[in-house]
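Here is a short tour of one structure, told through its strands, helices and aromatic rings. Have your viewer ready and follow along.

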Amino acid sequence: MTFDGKEFFRIFSAKLSSNYPGTSIGVEYIVMRAWLENISKGTELTCKEYIEQELKKFPPDADYSEYSHVYDIAEEDIPRIVNSAALVSIVALFENGISRLLYFCSKQERVNYKLRQRASLVDKYQDFLISTLKIGYKFDDGFINLAKDIVDIRNVCAHGSALIFTFSSIEKTAFEMTLERNIFEIVSRSSGQLSFTGGQLIISTSYLQSCFEIFDQQTKSLRDYIEAHYFKKVSKDVM
């Protein structure tokens, strides 16, 4: 029986691709992009509905001072809550996507998928790529620093620490003071995309878009590398 390299590659490639998460990760980014493109409209609609429902609780002759807080919540709190949750989702999308890609690589290389403690999340990924997988992909140093800032902001949103930001050092631990200084520095470098209002961290829609584009670009870059490294390598070997 004659060995058919093309048929072998077709079968092997189909099996390899069936375990490869890159396609579904790409779809997840498409869905997230569509959601972000409509997030402002969704927030505006939510605020409008909130105002309409809350104003029904007040008599027609009520003084504005009695219900002014309704507008304050609609203008400040609701967008803050929505955008904070969106940032958490964006970072989760990135973390999940990269983890799945690296897990796929670990299976191809027959090594355990275990990240070692490093300075930042992306540093952990980089260490695994170089030290464990021993493949040549490297995240850009500028991206590593940007990702660290984004993850720090995400942590503030995810762990409910947005209320700790004041200019007073009274009753704060050393960790909280260090965290505040770090966040203040990140905000100062954000060109207005991040800000503080009443001690709360405010995330703009433009910051969300910027973070998404950064993570989308880096994830696609790694996907392209993995596909070239494994799929095209197999094609070359059997042809």
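## The hairpin

T197 has Q200 of β2 as its bridge partner. Strand β1 (residues 194-197) and strand β2 (residues 200-203) run antiparallel and are joined by four bridges; strands pair if DSSP finds at least two bridges between them. Strands here are DSSP runs (E, at least two residues), and helices are runs of H or I with at least four, numbered from the N terminus. Two residues sit between the strands of this hairpin, and G198 takes a positive phi near 60 degrees.

## How to read the model

This is a predicted model, in which local features need pLDDT of at least 70 and side-chain atom pairs count only at pLDDT 80 or more, while totals for chains, interfaces and linings use all residues. Residues are numbered from 1 along each chain as its sequence is written, and side-chain values use heavy atoms, leaving out hydrogens and water.

## Aromatic rings

Rings of Phe, Tyr and Trp (its six-membered ring) pair if their centres lie within 6.5 Å; planes under 30 degrees apart count as stacked, over 60 as edge-to-face and the rest as tilted. By this rule there are 18 aromatic pairs. F104 and Y230 form an edge-to-face pair, 5.9 Å centre to centre with 90 degrees between the planes. F104 belongs to helix α4 (residues 64-109) and Y230 to helix α8 (residues 205-238), so the pair ties together parts 126 residues apart in sequence. Both F104 and Y230 are buried (under 20% relative accessible area, with exposed over 50% and partly exposed in between, using a 1.4 Å probe and protein chains only).

Have a look, too, at the aromatic cluster formed by F94, Y125, Y137, F139, F143, F215 and Y225.
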